[in-house]
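Reader: I'd like to learn how to read the contacts between parts of a protein model. Can we go through one together?
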Amino acid sequence: MLSVNDLIVLYQKLRALRGVSLEVAEGDLVALIGSNGSGKTTLLNSISGLIPAGAGRIMWQGTPILGMSPDNICREGIIQVPEGRKLFAQMTVEENLEMGAYLPAARAEADQSRQMAFDIFPRLAERRRQTAGSLSGGEQQMVAVARAIMAKPKLLMLDEPSLGLSPLFAAEIFQTIKELNNRDITVLLISQEVLQTLTISNYAYVMENGEIILNGPAKELLDDPRIKESYLGL
Amino acid sequence: MNTVLVIQSLISGIMMGSVYALLGVGFSLTWGVLKVINISHATFGLIGAFLAYTLLKWLGMDPIFSLVVSVPLLFFLACLIFRFLIVPITKAKDVIVTSMILTFGIAIILENLMLLIWSPDPRLLTTAYTSKVLILGPFYFQYPKLAGFLMSAIGVLVIHFFLKKTYTGKAVRAAWQQPDAAQLYGINLRRISMITFGIAVASAGAGGVGMAFLYSFDPHAHNLWLIYLFLVVIVGGVGNVLGAAFAGLIIGVITGLSLAFLPYQWVNLLTFGLLMVILIIRPHGLFKGEV
């Protein structure tokens, strides 16, 4: 479905990504783990078209999408929940969801999508008229995921969805991600919660210094001594 | 002090202030949303005023109906200016300063074009109802001011509801609050920015007609209008439509009251003096900046 080949991204003359390749198959839940500054967010932003790539290829359902503008990549069904949520803070929860379904195709099904989002996060239905900025961190993350649901994603990319959340909220978010995957949404998940991430994923990539250093089925990586030592502290 | 006179000058101040508000709203939007300080904003307002003047003189068209011509025309002109002049400078390091220099140039060019077309003579909008007055009890409402007031109040409300209720308007706010996230959800930033600029300039045209209802004007008049624009934004908060509306009313009321009770030379002195005091007490303006 999505395949990234030898992607190189320069950031202020530094090589933020040094030839990254990655595959996401339809229906998959793929994890991307790695420490801070390893280039995970850069990779997601290049897929979304926010950052121009220096070289390489990004193929989406057989067509190249590298160089396309972010709004056109969104039109293709590649939806990102950005790091730090980036909600429209002075707009209400409802307006944030509405903006998620901005494009005509998503707007046509906005009512069903909203119902689905409120089924998953009943709390947001109660808070629909509050401004997004006035919510707690956990609730804001729910809005961020709900906004993405409104966009009718074919591929949902989440960047650190559990950052800054209480363990309880984090567990809830991971469960929701798994549930969305069960509803036929392909997922690419970035997270530093390595144990929880690998537990719900099918396949995983490990990034360090702008390179993929390890990849394999998530269950195998959980048993890998390098993962145990560097990321799970075992 | 005479109560009737106080209330009368309040009424007159509110009617003037609504026009400042309409003229200022678009200036505030381009500043807040696009980070473009459009020095030529009032110049576009003046074009609206001159178009109204010409259409009235040659076709006998009511200045308010002239908006049917000038608003779409200015919207289209603004889109062209945005595409070919503003877009290139958005790559500049300091967009705000660069935009001021660019639009200052646009203002000078437009001012000289207006001098060529309309000559430097001061003009007045003289309609059939120019000298008519509506009298309610002890108070009177001059028809031209009343027309300017109603047009401006409607104009500001239309822009407010556009931003709050329509999809495109909400996208304008979203793009201002989180440009990256807005793009990730399918909003074309350049298109939204162009629409914002177009609406701002078109509303300036309407505001200019409102100003022409209040004062005589010549091709240099935009220089004084520009100062009112800055006041509206500074008091009302950058990008805040209702804030701009209230700021316009406050400025109008201060002007109205000082016109009634002070010699003419004191009016601007008092208006700007009071606003300086407001700025010293509340450097971020009276209202929060938000779309």
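Author: Contact here means heavy atoms within 4.5 Å. Keep in mind that this is a predicted model. Between the two chains, 27 residues of chain A are in contact with 22 residues of chain B.

Reader: How much area do chain B and chain A bury between them, and what share of it is on carbon and sulfur atoms?

Author: Buried area is the accessible area that two parts lose on being put together, summed over both. For chain B and chain A that comes to about 2200 Å², with 60% of it on carbon and sulfur atoms. On the chain B side, B:Tyr167, B:Leu184 and B:Tyr185 supply 41% of the area buried against chain A, more than any other three residues.

Reader: How many salt bridges does the rule find across the interface of chain B and chain A?

Author: For a salt bridge, look for a side-chain nitrogen of Lys or Arg within 4 Å of a carboxyl oxygen of Asp or Glu. The rule finds two across this interface of chain B and chain A. One to look up is A:Glu95 with B:Arg173, where the closest N and O atoms are 3.3 Å apart.

Reader: Which elements give two or more residues to the side of chain B that touches chain A?

Author: Those are α6 (167–177), α7 (179–184) and α8 (189–214) of chain B. α6(B) gives the most, with seven residues. By residue class, the chain B side divides into eleven nonpolar, five polar and six charged.

Reader: Now inside one chain: how is chain A divided into domains?

Author: Domain 1 of chain A takes in 1–77 + 153–234, and domain 2 is 86–152. Their C-alpha centres lie 23 Å apart. The contact takes 16 residues from domain 1 of chain A and 15 residues from domain 2 of chain A.

Reader: What is the area buried between domain 1 and domain 2 of chain A, and how many salt bridges are counted there?

Author: The buried area is about 1300 Å², and carbon and sulfur atoms give 77% of it. The salt-bridge count between these domains of chain A is zero. On the domain 1 side, the elements giving two or more residues are α2 (70–75), β7 (155–159) and α8 (167–182) of chain A. α8(A) gives the most, with six residues. That side divides into nine nonpolar, one polar and six charged residues.

Definitions and conventions:
Residues numbered from 1 in each chain as written. Chains lettered and ligands numbered in written order. Predicted model: local features only at pLDDT ≥ 70, side-chain atom pairs only at ≥ 80, totals over all residues. Heavy atoms only, no water. Domains from an automatic or database assignment. Buried area = accessible area lost by both parts, 1.4 Å probe. Helix = DSSP H or I, 4+ residues; strand = E, 2+ residues; numbered from the N terminus. Nonpolar A, V, L, I, M, F, W, Y, C, P; charged D, E, K, R; others polar.
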